[in-house]
There are 2 protein chains.
Amino acid sequence: MNKQLTLSKRPVGLPEKDTWTLQESEMPTIKEGEVLVRQDYISLDPAMRGWMNDTKSYIPPVGIGEVMRAGSVGEVIESKHPDYVAGDFLSGWGGVQQYVATNAKGWYKVEPTLAPLPTYIGTLGMPGMTAYFGILEVAKIKEGDVVLVSGAAGAVGSVVGQIAKIKGCHVVGIAGGPDKCAYLKEIGFDGAIDYKNENVREGLKRECPKGIDVYFDNVGGEILDHALAKLRMHGRIAICGAISQYNNTSIKGPSNYLSLLVNRGTMQGFVVMDYAKQYSEAAMQMGMWMMEGKLKSKEAVFEGIENFHDTFLRLFNGDKMGKLVLKVSE
Amino acid sequence: MNKQLTLSKRPVGLPEKDTWTLQESEMPTIKEGEVLVRQDYISLDPAMRGWMNDTKSYIPPVGIGEVMRAGSVGEVIESKHPDYVAGDFLSGWGGVQQYVATNAKGWYKVEPTLAPLPTYIGTLGMPGMTAYFGILEVAKIKEGDVVLVSGAAGAVGSVVGQIAKIKGCHVVGIAGGPDKCAYLKEIGFDGAIDYKNENVREGLKRECPKGIDVYFDNVGGEILDHALAKLRMHGRIAICGAISQYNNTSIKGPSNYLSLLVNRGTMQGFVVMDYAKQYSEAAMQMGMWMMEGKLKSKEAVFEGIENFHDTFLRLFNGDKMGKLVLKVSE
């Protein structure tokens with residue numbers, strides 16, 4: 001049997017347990033040109049919250065009754081696909097379920113001997129790509145920039161900060177709690193601000209006394225306003241997400257946005273999928289950095305598809321460190 | 001005697017009459033290297049409201065007791081300057097006063113036979129430059145773009161829209177009242193939305209059914225949010241000003257800013273002074289467009305330095321059309 005999690009209703013605010021239904025269905029069968037994948041790990045990402053809203057966005061919302069969309073990595077256990085054989089490991093959009101039959105469009109092969117499987121949906125997967133293209137192509141960092149990143153201990157933020165360090169920037173991270181802030185120092189951040197235990201404005205004064213050139217925003221809300229207030233001339237803000245706002249019914253806009261005028265600043269949004277053609281190149285570069293010990297990857301792995309809801313909430317209550325992953329194979 | 005308007009206190013909200021003091025002082029005398037200018041016209045601009053606040057901005061605030069900063073145009077009546085003789089007309093930062101002695105740094109010569117004097121502080125002055133560089137260099141319009149501009153009947157907005165038309169864009173303006181909207185059509189705008197008499201969201205649906213590529217923002221507030229909601233893929237927003245917010249003690253941030261993410265949009269602020277080296281080139285181009293009849297200039301001229309306060313308020317209550325100018329010579 002195949003355990004699947006389907007969307008049963010559109011949440012208002014923070015999703016409750018009955019937002020999804022766990023159901024068992026027959027093991028899927030494959031047609032010519034398809035593979036059957038046993039999914040080992042499911043990626044849990046803040047963006048998933050957005051996909052549950054019935055609003056125009058960069059991809060259509062998950063439909064009611066459909067399997068919840070999610071990135072995943074697993075092993076091919078049967079293949080009628082010309083490119084793959086049983087025993088291959090693939091990563092793709094498998095959804096929150098234990099098995100999936102797919103024509104593998106948009107999936108790619110991964111090598112479990114080079115990196116642990118969860119890393120392929122973390123630093124070498126979507127979050128890593130988001131960090132890579134966001135900080136290099138959108139924020140266009142250059143040596144000597146003061147770079148601020150929020151959600152800094154998360155899957156995207158931790159990679160953003162490390163790439164900025166590799167590129168010779170001064171990097172300050174904002175994260176919640178002393179453990180996360182200690183982790184930022186451990187992976188080479190120059191400074192850390194604990195938004196749960198200190199005033200962010202004061203923290204910014206201490207860590208970025210001359211202001212910031214680049215802010216990589218994962219959180220939105222008040223922290224975005226604090227960053228705007230510290231923007232230096234020609235500063236760039238890359239809007240990656242706004243996790244502080246995803247469960248709000250009305251979004252708080254940045255009231256300091258006129259800092260963009262005063263400082264000739266730019267605020268730019270982006271969606272990682274636009275860079276799909278460059279993924280392999282980026283993965284190769286990041287794999288190299290990992291092997292050289294310049295880029296560290298951390299995953300918080302939880303177990304059991306039946307624990308999806310509790311695990312999902314950790315995205316929003318901050319109760320995890322690094323990339324949040326759920327093991328769904330048994 | 002020289003009538004001068006000095007800043008007597010920092011206003012909270014909309015400036016009241018006692019924000020400034022009208023005083024008479026001795027006629028200034030000039031030193032070697034200076035000119036004495038009889039100022040004919042003073043430029044009234046929304047940005048002046050910002051210069052009255054004691055906050056870090058792109059230029060220092062006007063000090064209490066200082067002559068109120070303003071652009072101006074007038075005639076040299078005495079010169080000890082190597083480049084100018086009596087009878088020359090100059091434009092510069094003369095402030096709200098009838099006469100000024102200056103070393104003429106930052107001033108430039110204008111030719112009253114080619115265009116009326118008020119045009120030199122309007123379409124051929126700072127507002128025109130703001131429009132020119134904002135729409136061409138910041139918003140980077142290209143042929144076929146749908147361009148939306150707010151404050152469209154104003155000194156900057158009316159020029160923005162006309163330049164966008166010259167460049168082959170579809171141009172829609174937002175302005176207050178039927179007279180202003182009729183004026184927009186008269187100078188070639190494709191569509192007009194009267195924010196005082198219709199729902200802006202509905203107006204945008206009618207005039208920009210496929211969304212907008214470029215929004216040139218002079219007003220901020222709710223209209224910025226409506227524009228964000230209509231942004232097309234890779235849309236650009238040029239933040240020129242936020243006149244709806246200048247007299248507010250707290251600024252309304254754009255709550256739809258995540259449209260930048262969904263649509264891979266960019267919001268960029270700018271200050272015209274950064275383009276000073278290209279002013280003459282732009283003035284030449286705009287002068288040519290004016291002679292060809294492609295660019296029309298409108299000034300609302302009021303009279304008397306003692307009417308400064310009432311005239312200034314017209315910037316905010318919308319009671320003027322085109323560039324607001326005060327004649328201060330008697």
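Modeller: One term before we start: a residue is called buried if 20 or more other C-beta atoms lie within 10 Å of its own. Also, keep in mind that this is a predicted model.

Colleague: Thanks! How much of chain A is buried, then?
Modeller: Buried residues account for 51% of the 330 residues in chain A.

Colleague: And which helices and strands are we talking about, I mean how many in chain A?
Modeller: Chain A has 9 helices and 15 strands. Its radius of gyration is 20 Å, close to the 20 Å from the globule rule for 330 residues, so chain A is as compact as a globular protein of that length.

Colleague: What does the C-alpha trace of chain A span along its principal axes?
Modeller: About 60 × 45 × 35 Å. As for contacts in chain A between residues at least 6 apart in sequence, 66% of them join residues at least 24 apart.

Colleague: Switching topic: which residues touch the most other members in the largest nonpolar core?
Modeller: Those are A:Val147, A:Phe216, B:Val147 and B:Phe216, in a core of 197 residues.

Colleague: What is B:Phe216 in contact with, leaving aside neighbours within four places in sequence?
Modeller: The list for B:Phe216 includes B:Val147, B:Val149 and B:Val160. B:Gly134, B:Ile135, B:Ala139, B:Ala238 and B:Cys240 are on that list too.

Colleague: Now the two chains. How many residues of each are in contact?
Modeller: On chain B there are 24 residues, in contact with 25 residues of chain A. Helix H8 (259-262) and strand S13 (266-269) of chain B are the elements giving two or more residues to the side that touches chain A. S13(B) gives the most, with 4 residues.

Colleague: And by class, what's on that side of chain B?
Modeller: The side of chain B that touches chain A has 13 nonpolar, 8 polar and 3 charged residues.

Colleague: How do the S13 strands of chain A and chain B run, parallel or antiparallel?
Modeller: They run antiparallel, with 3 bridges joining S13 (residues 266-269) of chain A to S13(B). In one of these pairings, A:Met267 has B:Met267 as its bridge partner.

Colleague: What about B:Asn263, is that buried or exposed?
Modeller: B:Asn263 counts as buried, because it has 21 C-beta neighbours inside 10 Å. B:Asn263 sits in the loop between H8 and S13 of chain B.

Colleague: What does B:Asn263 touch, not counting residues up to four places away in sequence?
Modeller: B:Asn263 touches B:Leu231, B:Arg232, B:Met233 and B:Gly235.

Methods. Residues numbered from 1 in each chain as written. Chains lettered and ligands numbered in written order. Predicted model: local features only at pLDDT ≥ 70, side-chain atom pairs only at ≥ 80, totals over all residues. Rg over C-alpha atoms; globule rule 2.2 N^0.38 Å. Buried ≥ 20, exposed ≤ 12 C-beta atoms within 10 Å, placed from the backbone. Contact = placed C-beta atoms within 7 Å. Core = buried A, V, L, I, M, F, W, Y, C linked by C-beta atoms within 7 Å. Nonpolar A, V, L, I, M, F, W, Y, C, P; charged D, E, K, R; others polar. Pairing = 2+ DSSP bridges.
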